[in-house]
Amino acid sequence: RNRVERGESKLAVFKPEDEETGAQRQLRLGDKNPERAGMVIGGGAKRERAAYVLDKLYFGFSKVPPTLLTQVTSHDTTKDRTKVKRGSLQRYCPSEGSAEEKPDLVFRAKCTEVHRIGILDLRIFNTDRHAGNILCQLNKKRDGKDEVLLIPIDHALSLPDYRFLGEAYFDWVYWKQSEEKFDANTLEYINKIDVHKDADALREINIPETCIATNIICTTALKVGASFGLSLYDLGAVFQRPFMAGHPDHDKYLSPLEYMIIIASENVNFEYDIGAQSTSLEEEEHDNANSDMGEMQVLATSHMSDDSPIVSKTERVGIDLNSDNEEEEEDDEFDEGRVFGNVPPPENLYQELEQVFRESFMNEKWREWLV
């Protein structure tokens with residue numbers, strides 16, 4: 001804050017685990033997220049990192065800003081004590097504004113710019129890709145034909161447990177670029193995505209196996225769909241339910257993706273328990289009286305090195321968001337897998353799913369499940 005007031009450049013954006021979506025005061029880190037099915041309180045920081053790691057594996061195709069996991073000290077001047085906050089730290093990206101603020105720039109963006117972001121969202125099953133989570137940059141050229149670049153941010157609400165695939169949300173399905181076919185370079189990129197390589201990378205940052213399963217399932221659907229000529233718009237329709245979360249009819253209809261998982265599960269005698277009923281929160285008054293934690297000191301290098309260490313993997317079942325314990329271990333990490341269990345589906349389900357995807361996309365059976 002002081003750097004900005006002095007006119008100095010912003011370096012990065014820090015998002016604490018205990019201030020993520022759904023982090024209500026009566027809950028603990030690692031508890032079910034009341035605002036997103038299949039996710040836990042505090043799990044967003046690792047998903048911010050995961051989006052960057054998955055993108056970096058393929059040379060930053062989707063242009064996710066460098067993101068790491070780190071710790072921040074927070075000094076409470078009212079009680080004269082220092083506490084530690086953990087979270088994600090992402091390089092700050094200057095922009096002309098978000099896609100929500102600058103729809104005219106979105107209209108000017110090339111199809112490939114929208115496709116890059118959409119492909120990422122499908123890989124990680126993003127449940128929060130609204131226009132406010134896409135930044136618009138202008139690459140000014142001498143000939144006056146400025147190029148619009150789109151930068152994806154805010155990936156905390158992605159990679160849910162694979163049994164909770166009912167809340168995908170992609171604003172780009174309403175953009176004209178999503179209806180255009182993928183070009184040759186994009187198809188080549190999709191073809192090169194290796195789900196096993198992705199899974200290993202996600203394990204390195206301690207993403208639960210049931211959430212890694214989501215990445216494998218969704219990436220397989222992307223790859224097979226693209227090979228049969230589906231557009232980004234088509235794939236968005238495959239992943240999204242007919243009615244968005246919060247709509248009274250949301251739970252009445254499944255997405256084509258969910259139907260295909262059910263078919264594949266039945267074919268291999270696997271009981272696929274769909275747990276993705278839409279979340280509903282009662283209106284509550286949140287006490288923010290103690291939200292001002294005073295000045296923060298970022299304990300990470302400002303150059304956002306890709307080799308920066310990840311926080312320790314010491315597991316702890318739940319961390320109280322309201323704890324006043326001044327001796328709290330800095331390297332504590334809650335066990336994210338405890339809530340939903342951490343048992344992935346059988347390996348033969350993935351193989352059967354690929355076959356079901358092929359059959360459904362080839363004969364366009366998936367369209368029968370659209371409402």
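Helices (H or I, at least four residues) and strands (E, at least two) are taken here as DSSP runs, numbered from the N terminus. The structure is a predicted model, in which local features need pLDDT of at least 70 and side-chain atom pairs count only at pLDDT 80 or more, while totals for chains, interfaces and linings use all residues. Residues are numbered from 1 along each chain as its sequence is written, and side-chain values use heavy atoms, with hydrogens and water left out.

Let us start with the chain as a whole. Its secondary structure amounts to ten helices and eleven strands. The chain has 371 residues, and 50% of these count as buried, where buried means under 20% relative accessible area, exposed over 50%, and partly exposed in between (1.4 Å probe, protein chains only). When contacts (heavy atoms within 4.5 Å) between residues at least 6 apart in sequence are considered, 75% join residues at least 24 apart. The accessible surface of the chain is about 18,000 Å², and carbon and sulfur atoms account for 45% of that surface; accessible areas come from the Shrake-Rupley method with a 1.4 Å probe, and for residues only the protein chains shown count as cover.

Most residues other than glycine have a negative phi. N269, however, is not a glycine and has a positive phi near 55°. N269 lies in the loop between α9 (256-267) and β8 (296-298), and with a relative accessible area of 74% this residue is exposed.

K63, also not a glycine, has a positive phi of about 65°. The loop between α2 (44-56) and β3 (67-76) holds K63, which counts as partly exposed because its relative accessibility is 24%.
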